[in-house]
Amino acid sequence: CVNARWKGPICERGDVPMKTVQLGSLGIQHVLAMYAGAIIVPLIVGGALQLTSAQLTYLVAIDLFTCGVATLFQVWKNKFFGIGLPVMLGCTFTAVGPMIAIGKQYGLSAVYGAIIAAGL
């Protein structure tokens, strides 16, 4: 986003910069939408598996941590991964059913193992 009058990294389209208030409000909206989606998946899975509050707290915390790491990998653009755009990644609801089914039959550690195996 560079032209003869203004230079900077924050642009909406072409060479027209976004206003700081608009940029801030859109950023907060994006964070809140991601946060709600990232929190509800561990709450659903933890509730279905009847986890204790300590286990549920850990599940939510590790979910937020991994969403943050994945977001950083997407923002950081290189030749192997990342798109170089300010996007936030969250959880998918697609895996909720299988995680609950695996967790009820084999336990929470099997859910972790299945997630790792699926990620590879």
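Guide: Here is a walk that begins with the model and the chain, then turns to the pocket and its surroundings.

Please keep in mind that this is a predicted model, in which local features need pLDDT of at least 70 and side-chain atom pairs count only at pLDDT 80 or more, while totals for chains, interfaces and linings use all residues. Residues are numbered from 1 along each chain as its sequence is written, and side-chain values use heavy atoms, with hydrogens and water left out.

The protein chain has four helices and zero strands, in the order α-α-α-α along the sequence. Helices here are DSSP runs of H or I with at least four residues, strands are runs of E with at least two, and numbering starts at the N terminus. Of the 120 residues in the protein chain, 20% are buried; buried means under 20% relative accessible area, exposed means over 50%, and partly exposed lies in between, with a 1.4 Å probe and protein chains only. Among contacts with a separation of 6 or more, 41% join residues 24 or more positions apart, where contact means heavy atoms within 4.5 Å.

Now to the pocket itself. The largest pocket holds about 690 Å³ of space. The search runs on a 1 Å grid over the protein atoms alone: a pocket is an open set of points where a 1.4 Å probe fits, with protein on both sides within 12 Å along at least five of seven lines, and lining residues have an atom within 4 Å of a point. Grid points are joined across faces, edges and corners, and the volume is the space filled by probe spheres set on the points. There are 25 lining residues, and Asp63, Thr66, Cys91, Met99 and Ile115 are the closest to the centre of the pocket. The elements giving two or more residues to this lining are α1 (20–48), α2 (53–75), α3 (96–106) and α4 (108–119). By class, the lining has 21 nonpolar, three polar and one charged residues. In that count, Ala, Val, Leu, Ile, Met, Phe, Trp, Tyr, Cys and Pro are nonpolar, Asp, Glu, Lys and Arg are charged, and the others, Gly among them, are polar.

Met99 belongs to helix α3 and counts as buried because its relative accessible area is 14%. Beyond its neighbours within four places in sequence, Met99 is in contact with Val41, Val45, Val111 and Ile115. Met99 also belongs to the largest nonpolar core, whose ten residues are Val41, Val45, Leu49, Leu51, Leu59, Val96, Met99, Ile100, Leu108 and Val111. Such a core is a set of buried Ala, Val, Leu, Ile, Met, Phe, Trp, Tyr and Cys residues joined through side-chain atoms within 4.5 Å. At least two of its residues come from each of α1, α3 and α4, and α3 gives the largest share, with three. Ile100, another core member, touches Ile44, Val45, Ala48 and Leu49, not counting residues up to four places away in sequence.

Ile44 sits in helix α1 and is partly exposed because its relative accessible area is 36%. Setting aside neighbours within four places in sequence, Ile44 is in contact with Phe93, Val96 and Ile100. Phe93 is also in contact with Gly37, a residue of helix α1. Gly37 is in contact with Cys91 as well; the C-alpha atoms of Gly37 and Cys91 are 6.5 Å apart, although the two residues are 54 apart in sequence.

The whole structure has zero disulfides, a disulfide being a pair of cysteine sulfur atoms within 2.5 Å. Cys67 is in no disulfide, and its nearest cysteine sulfur, that of Cys91, is 4.2 Å away. Cys67 counts as buried because its relative accessible area is 5%, whereas Cys91 is partly exposed at 24%.

One last stop is the loop between α1 and α2, where Gln50 is found. The phi of Gln50 is near 55°, a positive value in a residue other than glycine. Gln50 counts as exposed because its relative accessibility is 70%.
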